[in-house]
Amino acid sequence: MRPTEIEAIRQQLPGWLEASLPCVSRGKVAAYIPELSKAPHAALGITLLNTMGESATAGDCGLRFTMQSISKVFTLILALMDNGEDAVFSKVGMEPTGDNFNSMLKLELVRPGIPFNPMINAGAITVSSLIHGDSPSEKSDRILQFLQELSGNAGLEYDLGVYRSESETGNLNRSIAFFLKENGVLSGNVEEVLEVYFRHCSIAVNCADLARMALVLACSGTDPLTGNTLIPRRYVQIARTFMTTCGMYNASGEFAIQVGLPAKSGVSGGILTFVPGRYGIGVLGPALNDKGNSYAGVHLLQTISREMNWSIF
Ligand code: DON
């Protein structure tokens, strides 16, 4: 009898991961948040989860790491659920760079306005300010509960060591936030907005948690394992589009060509991606390339997408 697709993936996955391992030596673990520099440099892990709840795993998929920028996808969705599209996109734009097609200007020289998109820090800090709640802790806990629901893991928690480390050293994000406040983009207390932002970046997950969250995005907002609709379809469509155009920062175009799946990376080395309607995928590889994406993680996804012919383009 021919193996099912998930059985075939389970057979091949260790070999594909092995082939990506040499990439870890070319990458660097992020150190600008001091606590992140403790991550295991040579780690690489992956979990794929299909709509039947069957998974394929390899490598260090059980290691815990913080979501960092991956959380931006879900704070955007929660802000849309709280405020609607018009309110959110009056405060943050939709474009990868904001430059005109023939512009020679760098982002810093453009006349101050709203952040270009919700995946860059300025945009994500603005989105954090739009989450409903009476206090920073209530807002943060609503984000955490949303991610617990999406991951099917009620045990998800903040990594307080990473939270404190970023809160104590995050002067660049503080500058961005005060700049946004000065321009009337951020309302409310800047330190409180930053607390919400730093907290959601510090939520700790493993590859299986990411794969389950990604599966909900793959299935247009409905968790196929419970049948519960957790996100309106329209907001998943918006999130998927940002993941495709801006999710891998200045390597989003190359990732679209080489892998061809919507994805979001984080500076801790995580990547959340999915095959629409079929698989949620979580990857960890803390050694990063010069664009801030997991070196070996991107290589591994390139291999899998090519072998399985999964590009959506
Ligand atoms: O704001 C920061 O710098 C981090 N908390 C998140 C950055 C991040 O994950 C960028 N991703 N590659």
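Buried denotes a relative accessible area under 20%, exposed denotes over 50%, and partly exposed covers the range in between. The views below show a predicted model, in which a search of the whole structure finds seven salt bridges.

**Figure 1. Salt bridge between Arg 174 and Glu 191.** The closest N and O atoms of Arg 174 and Glu 191 are 2.8 Å apart. Arg 174 belongs to helix α7 (residues 171–182) and Glu 191 to helix α8 (residues 190–201), so the contact ties together parts that are 17 residues apart in sequence.

**Figure 2. Salt bridge between Arg 142 and Asp 82.** In this pair, the closest N and O atoms lie 2.8 Å from each other. Because Arg 142 is located in helix α5 (residues 136–151) and Asp 82 in helix α2 (residues 71–83), the pair ties together parts that are 60 residues apart in sequence. Asp 82 counts as buried, with 18% relative accessibility, while Arg 142 counts as partly exposed, with 28%.

**Figure 3. Salt bridge between Lys 38 and Glu 35.** A separation of 3.1 Å is found between the closest N and O atoms of Lys 38 and Glu 35. Lys 38 is exposed, its relative accessible area being 62%. Glu 35, by contrast, has 26% relative accessibility and counts as partly exposed.

Key:
Residues numbered from 1 in each chain as written. Predicted model: local features only at pLDDT ≥ 70, side-chain atom pairs only at ≥ 80, totals over all residues. Heavy atoms only, no water. Salt bridge = Lys/Arg side-chain N within 4 Å of Asp/Glu carboxyl O. Buried < 20%, exposed > 50% of the residue type's maximum accessible area, 1.4 Å probe, protein only. Helix = DSSP H or I, 4+ residues; strand = E, 2+ residues; numbered from the N terminus.
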